[in-house]
Amino acid sequence: MRIPDPSLRPQSAPPIIVVNGPDSPPRTASPSSQMITIDPSDRSSTTTQVDNEAIVGSRNTHSGQQRLRLVNNLHDIELDIDIDLPRIAVIGSQSSGKSSLIQAVSGIPLLKAPGDACTRCPIECRLTHGDGPWSCRVFLRRITASRGQSSSGQPKEPFGDVIVEKEMLEDRILRAQLAILNPKTPAQEFLEESIDLNTALTELSFSPNIICLEITGREYSDISFVDLPGLIRNVGTSGNRDNIQLIENLVTGYISKENCIILMTITCETDFANQGAYDLARQYDPHGRRTVGVLTKPDRSPEAAQEKWARYISGEVEPLDHGWFCVKLPDTQSAHPQPTLVEAREQEDCWFKKERPWYGLPRQAQSHLGTTKLVRHLEDILSNLISLKVPDIIVQVQELAESTTQELNRLGKPPSDDCIGDINSLIDQLVRDVEGGVERRSRDDGNVLYLIEDEAVRFKNELRVTCPEFRAWNKNTVFKDQPSVTRLPELLLEDGELPAADGTRKIIFLDDVLNKKSRSSVRGLPDGGQTEVAEEYLRSFIANWDMPTSQFVNRATNLLRIFIRKTVDARCGHFLHGGLPTHMYDTIEAHLQECDTRTRTATALLLKLERNGHTRNDRYYRDCKDKFLSHLKMQRGLASPENNTVLRDLNRMASPGGPSASPTFTSAVNTAKASLGKIGLSVDEHSLVKLLPPSPADSALEDMASASAGFEVALHRFVDYVPLVVDTELVRGVCEGLAPVLRRSFGFSSPGAVERCSDLLQEPLEVKRERERLIQRLHRLALATEELHHFWGP
């Protein structure tokens, strides 16, 4: 589900929401539109530019009503579960005058019923100005059920009919609180007249679930607030001490949020230091930027103490950004008839005008005396906060919708009623994932082909190490200075190939080859065993290739196995509870083993062919042999007692990293090479070695060169074909026929197939609950987006 973009403009041209990122160019609104510019990097800033009459206006305006209605509606759809929404929370210690303040604001008594009834759950009061008669609707919001979903399936659960007589409201609130505190009992049972409100028991002492009062009347301004249970410091010997912390946790759940205005009541009849509400408010609003202090019961304060309380109103003591207010409330415990809302406020104003020290306060301080002024100030604070936060709410709704959709996608689709169809669909998706994963893509994403290619390079290096190093001198030769020459197997190293570490190669000396030749030529001409010796050496070299080849296939199979397991987990992992991933692993593993067997059969045939030592690549073979032979002759000459200076200098010219040949010799060789080049003969230093006179050891050197050249030809051929076999029989082999193999494993046409498939697709209860939670959140965000669209309408 995708939430509609709140910045889309309907035909009535509501404001355009522009989110400016650090690199985004500025945008200009058309003359007929309004614009709200949001800087996502500074969501708490008070400098957000709001250029729209629908956002900024004075109290009691139509736009102010729209703002309050918007936030109330967002609370109704329970967006406050996901996003911190503006609200006013009323807190205070028990008997601090909190309920009396609310009665003075709303004209209704809160929970003054018989027994020890008090506020045991949040009570949200929404006051709306209306031209019709007074009315109130009562709702229940069970925010603790299913993480925000009402047990009745509605965000707000109606509790009884509309009330049109104020005298009936107190009874309805008490019944609603009993319904909240007894969640196991159907709420409607508490509306029955047979319920004894004096003796009714409760399952819970307190609850975070909410009673919502929507009150409309001519005497009201538009304002909304939440009355929270009074803070307590002791419960007496018969009370439950856990309630102290339970109430504090419930209160802090509201006031800890940055968008909550804390309306804090402090009674003047008790010492300030003994009232815990101020300490709790300071804990979560240490700078007093969103706290409004209200002094209650000034008429019950000793005359000597009233000057002290007046200093709070003047801002001299414990200053707050929004200041302190003082209200004088009617005596709700009096036996006399209670005044109307208008009469109570008139009496309050008269009291402040005649009592010291209140009537003598400066004009600015007097604007903070009385309920009427308090309510107007709260209207302004809440309206301005909503104005500031609506653009931020829009951005949060969009971002949360995107992240929630991503979380939901990661959980995968839930199983449907067609479990066989679901598994068939999963098989098709899984096979596409596997096929796509073995195609060449970027090396950076861990593509399995590139990983196997890296192993092929390693495989080539392991084979190259199996070639011994031939040395053109006898093993017992003593050197005054060891000849500095390139090792024979490293003469033809390609770019990127590293020489073998010391001690890893077998060393074969000249006298070893001569002894082998003597044993192979007891009959016939002296050079009768020429090719036999080289071929015997070559076969012995290639006999060492079995282990590296098997290890290369093992590594490639394991890489493919790891890739397949990750692919299965990504596609089917959320069905782990039912065992579907394990079934997929086992089936594909058996298929992989068959491919591995075919691969090993093919590589065994290649090894058998290589032992024949045959090649038709004559040119490459002879080029390699010539280079090896020239190099061996140079070695032999350098190792001779005479230490031929010609060979020494030719070796130095062929090895630019070592000592330099004499300038005279270098000049002469270059002149000779140039002269030969003029007649079409291209030679290098190694080629010039062939011009030296023959030696008795030349036949042994020929065997060394032939064996080394044969190894080089076989190596290049083998390291091409083995990876090709791995790619064809193993990698591509797994993909070929994978879908039919998987489908056969489920036995779709056999008895009990539906039950088996259904069991495999079972999800853990936690996954089901998480998906339900995310779907509910997306639903809330969709409703919130609709509300935000309506807010920008004409």
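A residue counts as buried when its relative accessible area is under 20%, as exposed when that area is over 50%, and as partly exposed in between, using a 1.4 Å probe and protein chains only. The structure described here is a predicted model, in which local features need pLDDT of at least 70, side-chain atom pairs count only at pLDDT 80 or more, and totals for chains, interfaces and linings use all residues. Residues are numbered from 1 along each chain as its sequence is written, and side-chain values use heavy atoms, with hydrogens and water left out.

**Salt bridges**

A salt bridge is a side-chain nitrogen of Lys or Arg within 4 Å of a carboxyl oxygen of Asp or Glu. The structure holds 39 salt bridges. Three of them are listed below, with helices (H or I, at least four residues) and strands (E, at least two) taken as DSSP runs numbered from the N terminus.

| Pair | N to O distance |
|---|---|
| Glu214 and Lys156 | 2.3 Å |
| Arg175 and Glu193 | 3.9 Å |
| Glu712 and Arg464 | 3.1 Å |

Glu214 forms a salt bridge with Lys156. This pair links distant parts of the chain, 58 residues apart, with Glu214 in strand S8 and Lys156 in the loop between S6 and S7. Glu214 has 15% relative accessibility and therefore counts as buried. Lys156, at 14%, is buried as well.

The side chains of Arg175 and Glu193 also meet in a salt bridge. Here the linked parts of the chain are 18 residues apart: Arg175 belongs to helix H3 (residues 169-181), while Glu193 sits in the loop between H3 and S8. Arg175 is buried at 5% relative accessibility, whereas Glu193 is exposed, with a relative accessible area of 69%.

Glu712 lies in helix H20 (residues 698-735) and Arg464 in helix H11 (residues 448-465), so the pair ties together parts that are 248 residues apart in sequence. Both Glu712 and Arg464 are buried. Elsewhere, salt bridges that share partners join Asp76, Glu124, Arg126, Arg137, Lys156 and Glu214 into one network.

**Strand S6 and its partners**

Strand S6 (residues 135-141) is mostly covered, with six of its seven residues buried. Two strands pair if DSSP finds at least two bridges between them. S6 pairs with strand S8 (residues 210-217) in the antiparallel sense over seven bridges, and Arg141 has Ile210 as its bridge partner in S8. S6 also pairs with strand S7 (residues 157-158), again in the antiparallel sense, over two bridges. In S7, Pro158 is the bridge partner of Phe139.

**The second largest cavity**

On a 1 Å grid over the protein atoms alone, a cavity is a set of points where a 1.4 Å probe fits but cannot get out, and lining residues have an atom within 4 Å of a point. Grid points are joined across faces, edges and corners, and a volume is the space filled by probe spheres set on the points. By this rule there are five cavities of 30 Å³ or more.

The second largest cavity holds about 70 Å³ of space. Its lining includes Leu68, His75, Arg87, Glu124, Phe225 and Leu382. Helix H1 (62-76), strand S4 (87-92) and strand S9 (223-227) each supply at least two residues of this lining, and H1 gives the most, with four residues. The lining divides into seven nonpolar, three polar and two charged residues. In this grouping, Ala, Val, Leu, Ile, Met, Phe, Trp, Tyr, Cys and Pro count as nonpolar, Asp, Glu, Lys and Arg as charged, and the others, Gly among them, as polar.

Note on methods
1 Å grid on protein atoms, 1.4 Å probe; cavity = no way out; pocket = protein on both sides within 12 Å on 5 of 7 lines; lining within 4 Å.
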